[in-house]
Amino acid sequence: MLTVLVLGTTLGGVTASDPSQTSFVLERDPARALRWLAVRPLDAVVVDARRATGLGRAAVAEALEKLFPQHDGHGLTRRGRTAVLIDGDADGAEVAFACGLRRLPPPLVDPSDAALVAHVEGLLRARPPGKIALCLAGGGIEGLLYEVGAIRAIDQFLRDRRLCDFDLFLGISAGSILSGMLANGVTPAEVVDGLRNGNARVPRITRFDLFDPDWSEYIRRSFGLARDLIGVGDARNPLSGVYRALPPAAFAGARLRGYFERVFSGEGMSDSFEDIRRPLYVGATDQDTSEAVVFGEPGWTHVPIHRAVRASCALAPIYAPEKIDGRWFVDGAFTRTTNMRVAVKQGATMVVLIDPLVPIHSTVPGYVHSRGGLFTAMQGLKALINGRFDKAATTIAEMYPEVAFHLVRPEGDEMRVLSGSPMKFLYREEIEAMAFESVTRQIRSEVARWRHDFARHGVHFAELDRSARDPYSEGLELRP
């Protein structure tokens, strides 16, 4: 049953052509209607701004601002499924202007009841539900652990579909590792077990896999520096030689590539974008052109998944770039935070975004400065990426009003725990448990919207027993 809220009208004859499929709920009180929308997202909303039957101009302006704040890309309901009714006079033109500011469809000028019903039912039929996509951003090892806790939290609400059964998976940097596993059918529980203990599908990663100094590069550049200092051949200025002698990355990343190859070549796994169980898209950056590249899109499906993931995780200057087809690729986060636009292009009408790459917010002056150079650099990088993402998320939500976007990211004290070096090796169970509990609270606070959007895609999203405890977090204590 589809439900349409008609806000402000005094009409009593608005009835669906098939009452068993669509019902119209008439509500004169804007405050009560808005409270209802906040806890029970509906399929369409009609705002009656006509003088004879609807709200007054001031009440309409207030209702529109609460429904669709000008600087909010989402709003309380879908822009593309909102109809505003106006009179064909100056007051109606003023309301139409307010609708334009909020990127709403053109208002209807004093339609009949039959025309209104036909228009709304057309909106409901306009675009059937499509695919569910999961977009995972970067954030280093601790960001990966946050994402593991987040997907485990989301998975517990799903009743008739596992999270690894979503339709599309998109990952950048650390998120590409997890996306590749999920697209291969690995469940969140298997990921947790693999990271802690190692298993057949998710072998445990070691320091040996992560940290392999690029000795050959160090030696090669040392010889080049010596040549410049003694003036042999095409020697450069000594100071310029010192700059060029600095290696482009601390670690070669060859062992990390080997680990990814073991993961995606293991039992029940696929290392091919063309043969993988669910469509997978991995974002990286061409180091020489600064262009975003999406492995898995046409023209890039021939690249093995483990090579694409290694390229997406090449956070310079920590890891050396990955050479693919004669080009050098680095971390995908340098050009995009998540591939939301790619998800929509591939048919997603619901996109779940998990972004752990959020800068810390401290009220203590000088807190970042006191933590040293690496902490300061990461705070600056996170601020740049986060600011870019916020603008992109708002823009894309405006461009695709029919797509439901759900953003999950750290809040409050979680940002402090995740701050600093992205390369802390130790598997910190408390980060994953913290993310699980935090994301569970976030979802519960707006469970009606999650339930509504999943229901549109044929998935039962259930409420949870609030007394239930997370079995993975027993005895854990959160440490900064």
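Asp110 sits in the loop between strand 5 and helix 4 (113-126), where helices (H or I, at least four residues) and strands (E, at least two) are DSSP runs numbered from the N terminus. Phi of Asp110 is near 40°, a positive value in a residue other than glycine. The model is predicted: local features need pLDDT of at least 70, side-chain atom pairs count only at pLDDT 80 or more, and totals for chains, interfaces and linings use all residues. Residues are numbered from 1 along each chain as its sequence is written, and side-chain values use heavy atoms, with hydrogens and water left out.

**Overall make-up**

- The protein has 18 helices and 13 strands.
- Of the 480 residues in the protein, 52% are buried, that is, under 20% relative accessible area with a 1.4 Å probe and protein chains only; exposed means over 50%, and partly exposed lies in between.
- Among contacts in the protein with a separation of 6 or more, 73% are between residues 24 or more positions apart; contact means heavy atoms within 4.5 Å.

- Five strands form an open sheet in the order 2-1-3-4-5, with parallel pairing; two strands pair if DSSP finds at least two bridges between them.
- Strand 2 (22-27) and strand 5 stand at the edges with a single partner strand each, so one side of each has no neighbour in the sheet.
- Strand 3 (residues 44-48) pairs with strand 4 in the parallel sense over four bridges, and Asp48 stands opposite Leu85 in strand 4.
- Strand 4 and strand 5 (residues 108-109) run parallel and are joined by two bridges.
- Leu85 also stands opposite Leu108 in strand 5.
- From strand 4 the chain crosses through helix 3 (residues 90-101) to strand 5 in a right-handed β-α-β crossover; right-handed here means that, with the strands pointing away from the viewer, the path from the first strand over the helix to the second runs clockwise.

**Burial of strand 4**

- Strand 4 (residues 82-86) is largely enclosed by the rest of the structure, because five of its five residues are buried.
- In a regular strand the side chains alternate between the two faces of the sheet.
- Both faces of strand 4 are covered, with Thr82, Val84 and Ile86 buried on one side and Ala83 and Leu85 buried on the other.

**Glu94 in helix 3**

- Glu94 lies in helix 3 and is partly exposed, with a relative accessible area of 44%.
- The C-alpha atoms of Glu94 and Arg57 are separated by 8.9 Å, and the two residues are 37 residues apart along the chain.

**Helix 5 against helix 6**

- Helix 5 (residues 140-157) and helix 6 (residues 174-183) have axes that come within 8 Å and cross at roughly 40°; axes are lines fitted to C-alpha atoms, for helices over the stretch in contact, and angles run from 0 to 180 degrees between N-to-C directions.
- Helix 5 and helix 6 are therefore oblique to each other; angles under 35 degrees count as roughly parallel, over 145 as roughly antiparallel, 65 to 115 as roughly perpendicular and the rest as oblique.
- The crossing of helix 5 past helix 6 is right-handed, meaning that the near helix is turned clockwise from the far one by less than a right angle, and left-handed if anticlockwise.
- Gly140, Leu144, Glu147, Val148 and Ile151 in helix 5 meet Ala174, Gly175, Leu178 and Leu182 in helix 6.
- Helix 6 is mostly covered, with 10 of its 10 residues buried.

**Helix 5 against helix 17**

- The axes of helix 5 and helix 17 (residues 429-445) come within 7 Å and cross at roughly 45°.
- This pair, helix 5 and helix 17, is therefore oblique as well, and helix 5 passes helix 17 in a right-handed crossing.
- Residues of helix 5 that meet helix 17 include Leu145, Tyr146, Val148 and Phe157, and their partners in helix 17 include Ile431, Met434, Phe436 and Ile443.

**Backbone exceptions**

- Most residues other than glycine have a negative phi, and most peptide bonds are trans.
- Ser173 is found in the loop between strand 7 (168-172) and helix 6, and its phi is positive, near 55°.
- Ser173 counts as buried, at 8% relative accessibility.
- Gly185, which follows helix 6, has a positive phi near 90°.
- A cis peptide bond joins Ala316 and Pro317, with omega about 10°.
- Pro317 is found in the loop between helix 12 (305-312) and strand 10 (322-324).
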